[in-house]
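User: I'd like to go through this model and hear what stands behind each label. Could you take my questions one at a time?

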Amino acid sequence: MEKVGEFFVGRPSGAVLMAGAGRVYVVEPDGSARWIQEGCGHAHKCALAPDGSLYFANGETFRVAHPGRGETPELIRTNPEDPINTGFGFAIAADGSVTYFDNQYRRIVDGDVNIATDSSRPDRSAVTNRHHYHRLGRKTEAGTYLITCSGAGMVREYAADGRLLWEHQSPGFIFDTVRLANGNTVISGLSHVVEYTPDHEIAWQLTPDDLTAIRAANLSGLQALPNGNLVVGTFENGASKDGPKASAFEITRDKEIVWAFAAEVALVALCRISRICMSETQEFDNIAAVDLLSACRNINGRREHTGT
């Protein structure tokens, strides 16, 4: 099996799903790939659905029915006038339904739910760079929708009827967000990861200066684990040849590193992390999902794009 990186601090308990350098792959704890899906471009998000199919978004959203078997990805969501900016985020429910967090259309689409979202700055002035209207999003346990307004530095929460329920301004370029069981919201902003209370108070925070065992910058992706730990992804933070630079790492609330992964390919960087809900009968049961983003060119033979 091809080696795609190494866990240079600790090891996860099982395999992880990663993406980078135009590929999506399942990585074993020894750094080898169980399978590799080619042709995935500049993927910001990837996830396995309950039926075992693979979804990934690189501006457009694609599906692969049988990942790792050489199938051509099926295009399922795009804006032909501006495909690179159609959307970067989606969420897959346990029943297999998909919620799309559109960037170009500035909408949340979940079956019959179609919510027009606000990408403006806190003062409601417009964000003019259409690549930075929205980034990633989540459907919460309560059935509401969290979406990151990257260029505006805002996280906004909507009800299914389109009402704006909550919004929070956070410094920097906002990439990912997750709602915790205690009602707090964790937000990544490249230079920091911060947990906020509903009243906008800081409950916990992490910056690269807090890390001693590894080096990390451009903190992007987030996954909240059941034990309270966080998995954090980075963007453009180097590769395994660059020493203790982590593409992804798990950290305790005491800021101890559980494991850290460095990708083999230069400029591979992690953007989005999510737990996959798989049944016990499925092949990839208990695979965690880690979405890596490549800043390399030659994107899927369709476009060139670098950066977030």
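**Labels and their cut-offs**

Analyst: Happy to. The protein chain has 26 strands and zero helices; both kinds of element are DSSP runs, numbered from the N terminus, with helices being H or I of at least four residues and strands E of at least two. This is a predicted model, where local features need pLDDT of at least 70 and side-chain atom pairs count only at pLDDT 80 or more, while totals for chains, interfaces and linings use all residues. Residues are numbered from 1 along each chain as its sequence is written, and side-chain values use heavy atoms, with hydrogens and water left out.

User: Why is Thr234 called buried?

Analyst: Buried means under 20% relative accessible area (over 50% is exposed, in between is partly exposed; 1.4 Å probe, protein chains only). Thr234 has 0% relative accessibility, so it counts as buried. Thr234 sits in strand β22, residues 230-234. Across the protein chain, buried residues make up 57% of the 308 residues.

User: What makes a set of residues a nonpolar core, and how many residues has the largest one?

Analyst: The members must be buried Ala, Val, Leu, Ile, Met, Phe, Trp, Tyr or Cys, joined through side-chain atoms within 4.5 Å. The largest such core has 18 residues, and those with the most contacts inside it include Val193, Leu206, Val232 and Phe249. Among the elements giving it two or more residues are β20 (202-206), β22 and β24 (257-263). A second, separate core has 14 residues, including Leu17, Val24, Trp35 and Leu54.

User: How do you know that strands β6 and β7 pair?

Analyst: Pairing takes at least two DSSP bridges between two strands. Four bridges join β6 (residues 54-57) to β7 (residues 61-64), so the two antiparallel strands qualify.

User: Why are β5 and β8 said to stand at the edges?

Analyst: The open sheet runs β5-β6-β7-β8, with antiparallel pairing. β5 (45-48) and β8 (74-77) each have a single partner strand, so one side of each is left without a neighbour in the sheet.
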